[in-house]
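Here are some notes to go with the model you asked about. Have it open while you read, and go through the points in order.

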Amino acid sequence: MNILLELFVVTFRVLWAFVLAAAKWLVRPKEKSVAGQVCLITGAGSGLGRLFALEFARRRALLVLWDINTQSNEETAGMVRHIYREMAEAATAAAPRVAGDGEKDALPHCNLQVYTYTCDVGKRENVYSTAERVRKEVGEVSVLVNNAGVVSGHHLLECPDELIERTMMVNCHAHFWTTKAFLPKMLEMNHGHIVTVASSLGLFSTAGVEDYCASKFGAVGFHESLSHELKAAEKDGIKTTLVCPYLVDTGMFRGCRIRKEIEPFLPPLKPEYCVKQAMRAILTDQPMICTPRLMYMVTFMKSILPFEAVVCMYRFLGADKCMYPFIAQRKQATNNNEAKNGM
């Protein structure tokens with residue numbers, strides 16, 4: 001009888017979860033504040049990582065930026081400082097208008113800072129040593145955005161083993177190292193947020209990028225298991241968000257093309273749009289965000305359709321060989337570089 005009662009309760013909770021999900025579609029949830037919280041972003045020197053940094057800066061978070069490229073990381077930091085200065089000037093200009101209210105800004109804009117660290121997240125010891133520096137120099141991290149990513153751009157049999165290992169280390173293994181470095185304090189405080197920037201290629205795959213797909217599938221699996229572990233430990237104060245965008249126009253997959261008749265209806269995403277959608281999900285504690293929403297349907301269909309049916313759909317859309325032009329461009333660029341070096 002107990003199991004029947006539990007089954008009834010579980011059924012009710014599942015249906016209630018559907019109701020809550022539908023309500024969030026109709027009524028936009030209130031965004032939480034990250035003001036004054038330490039936010040660490042990997043791969044912050046360019047692309048989505050840079051845009052995430054700027055968005056968190058506008059919300060008055062204290063930024064910790066990691067990237068393997070020192071120069072580009074400092075450029076991002078310069079943009080963040082510019083945002084901080086603008087907010088400080090705006091706060092100063094507004095001060096006379098609220099001077100008589102007897103209220104003080106809980107977090108003065110002049111206290112906002114950005115810290116940069118050169119870190120190769122593909123190297124475990126480098127991650128751990130840099131994380132220790134962050135704890136000593138900045139404090140404990142409240143928001144961890146695992147964003148760093150690389151792509152080799154080679155067919156499997158033409159890809160050097162070193163590049164395959166590099167892809168797996170940066171895109172997947174690094175999530176283990178950064179999380180192990182900062183999760184203990186989050187567990188102690190029962191407060192924090194871990195963001196995994198994966199890809200739609202972590203939910204379904206295509207030809208020619210086996211190492212990249214494997215690394216993103218691994219990141220998705222890691223994130224989902226971690227989310228379940230936090231729930232099992234009843235650490236509801238620690239939130240997780242999985243970000244799975246479609247092809248983003250950052251130049252990472254330059255040359256990638258689907259069928260030309262379909263492309264106008266499914267163009268590469270603008271990076272700014274992708275990050276804004278992800279930020280909305282993060283700040284409303286949404287567990288997962290696929291951009292565009294069509295990716296949810298693609299993932300669902302891949303799960304229920306026979307493999308040959310999926311192949312037919314891929315061929316119709318031109319998704320079966322969409323990476324081939326990108327790989328050809330990378331190969332040509334590599335050959336040109338080798339030719340220049342040989343001159």
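**Notes on the model**

1. Let's start in a loop: Asn 190 sits in the stretch between helix 5 and strand 5 (192-197). Helices (H or I, at least four residues) and strands (E, at least two) are DSSP runs, numbered from the N terminus. Asn 190 has a positive phi of about 50° although it is not a glycine. With a relative accessible area of 31%, Asn 190 is partly exposed; buried means under 20%, exposed over 50%, and partly exposed in between (1.4 Å probe, protein chains only).

2. Before going on, keep in mind that this is a predicted model, where local features need pLDDT of at least 70 and side-chain atom pairs count only at pLDDT 80 or more, while totals for chains, interfaces and linings use all residues. Residues are numbered from 1 along each chain as its sequence is written, and side-chain values use heavy atoms, with hydrogens and water left out.

3. There are other backbone spots to check. Asp 285, in the loop between helix 7 (271-283) and strand 7, also has a positive phi, near 55°, and is partly exposed at 27% relative accessibility. In the loop between strand 7 (288-291) and helix 8 (294-304) you'll find Pro 292, joined to Thr 291 by a cis peptide bond with omega about -5°. For background, most residues other than glycine have a negative phi, and most peptide bonds are trans.

4. Next, the cavity. A cavity here is a set of points on a 1 Å grid over the protein atoms alone where a 1.4 Å probe fits but cannot get out, and lining residues have an atom within 4 Å of a point.

5. What lines the largest cavity? Thr 42, Val 121, Asn 146, Asn 147, Ala 148, Val 170, Ala 174, His 175 and Thr 178 do. Helix 5 (residues 161-189) gives the largest share of that lining, four residues. By type, the lining divides into four nonpolar, five polar and no charged (Ala, Val, Leu, Ile, Met, Phe, Trp, Tyr, Cys and Pro count as nonpolar, Asp, Glu, Lys and Arg as charged, the others, Gly among them, as polar).

6. Not counting residues up to four places away in sequence, Val 121 touches Thr 42, Trp 66, Val 127, Ala 148, Met 169, Val 170, Ala 174 and Trp 177; contact means heavy atoms within 4.5 Å.

7. Strand 2 (residues 62-67) is mostly covered, with six of its six residues buried. On one side are Leu 62, Val 64 and Trp 66, and on the other Leu 63, Leu 65 and Asp 67. Strand 1 (residues 38-42) runs parallel to strand 2, joined by five bridges; two strands pair if DSSP finds at least two bridges between them. Leu 40 has Val 64 as its bridge partner in strand 2.

8. Finally, Thr 76 in helix 3 (residues 70-98) is buried, with a relative accessible area of 0%. Leaving aside neighbours within four places in sequence, Thr 76 is in contact with Ala 44, Gly 45, Ser 46, Arg 50, Ala 53 and Leu 65.

Methods: On a 1 Å grid over the protein atoms alone, a cavity is a set of points where a 1.4 Å probe fits but cannot get out, and a pocket is an open set with protein on both sides within 12 Å along at least five of seven lines; lining residues have an atom within 4 Å of a point.
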